[in-house]
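Student: Hey, can we go through this protein together? I'd like to start with the strands and then look at what's packed inside.

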Amino acid sequence: MAISRAVLITGCSSGIGRATALRLHQAGLPVWATARDTGTLAELAARGIRTLRLDVTDEESAAAAVKEVADAHGAVGVLVNNAGSGVHGAVEDVPLDTVRGSFETNLFGALRLTQLVLPGMRRQGAGRVVNISSILGRLSPPGGGLYQATKYATEAYADALRLEVAQFGVHVSLIEPATVRTRFFETAIMQFAGAPDSAYQAFYDRLAAWAIDVHEGRTRAGRLAVTPEKVATAVERAVLARRPRARYPVGSLARGALGLRRVLPDGLFDRFVAREFPTP
């Protein structure tokens, strides 16, 4: 059977997903861009990109999207798990239902799609699974620990999966940017889970002010933020490389922070985090 090169990308309404769809389309790959609201994909459709409705938290929606791509191409050749949701707040404050919702989108949604596309990839003896992770999958500043837990879990499943499916010609990569210039960061950081009388309210005020400073480029994280297009370039490398890497840190801030995480003991790394991020 011919090897499918069809790309299925989740969360394409804006930001990294949209930039990735455009980048891979320009590279000549058959791209299927998805979102919960297909109205947000009109610009991509006008560029000749196939679009689908896909809610990663809905099993029927996920199965239907994978089937449509497989019916057209024989299999999903490349899966880019990009869809995500954010939750911020101190661990003590965040309701468990909110935590479950974040895991449902960020982890279980990616797992669901991965399980759906792998049989086709195995049959054709080739495939790529690319997970949009973050440096926050390997370090966890205060105020975002439960969102970051979804990224740690993504890294863990991808590390195991990479070894499990190598025998079938399937490659698994993680994309690890630091701050990306998208609306996701700004809106997520402003939605704190704590009640108005939270013991952490002063911390949330500092965190909100810090987020504005990042957006305005007044912090190191803001000045070194990368664009969605730079992240999309890393995805393209993971998709097209003959031997893709397990991880692609994106930008100097990501490479520097992850380098420090590898070499510093926890106590010294905590000092680095406290210097770079707001703390209670």
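This is a predicted model: local features need pLDDT of at least 70, side-chain atom pairs count only at pLDDT 80 or more; totals for chains, interfaces and linings use all residues.

Student: Ok, strand β2: how many of its residues are buried?

Tutor: Five of the five, residues 31–35, so β2 is largely enclosed by the rest of the structure. Buried means under 20% relative accessible area, with a 1.4 Å probe and protein chains only. Strands here are DSSP runs of E, at least two residues, and helices are runs of H or I, at least four, numbered from the N terminus.

Student: Which residues sit on which side of β2?

Tutor: V31, A33 and A35 are on one side, and W32 and T34 are on the other. In a regular strand, side chains alternate between the two faces of the sheet.

Student: And what does β2 pair with?

Tutor: Three bridges join it to β1 (residues 7–9), running parallel, and four bridges join β2 to β3 (residues 50–53), also parallel. Strands pair if DSSP finds at least two bridges between them. In these pairs, I9 stands opposite A33, while W32 stands opposite R50.

Student: New topic. What's up with R128?

Tutor: R128 is in strand β5 (residues 127–132). R128 is buried yet has no salt bridge, and the nearest side chain of opposite charge, E236, is 12 Å away. A salt bridge needs a side-chain nitrogen of Lys or Arg within 4 Å of a carboxyl oxygen of Asp or Glu. For charge, Lys and Arg count as positive and Asp and Glu as negative, with His and the chain ends not counted.

Student: Which residues in the largest nonpolar core touch the most other members?

Tutor: L8, V69, L79, L113, M121, V129 and I135, out of 51 residues. Helix α4 gives the most to this core, with eight residues. A nonpolar core is a set of buried Ala, Val, Leu, Ile, Met, Phe, Trp, Tyr and Cys residues joined through side-chain atoms within 4.5 Å.

Student: What does L113 touch?

Tutor: Leaving aside neighbours within four places in sequence, L113 is in contact (heavy atoms within 4.5 Å) with residues including L8, L54 and L79.

Methods. Residues are numbered from 1 along each chain as its sequence is written. Side-chain values use heavy atoms; hydrogens and water are left out. Buried means under 20% relative accessible area, exposed over 50%, partly exposed in between (1.4 Å probe, protein chains only).
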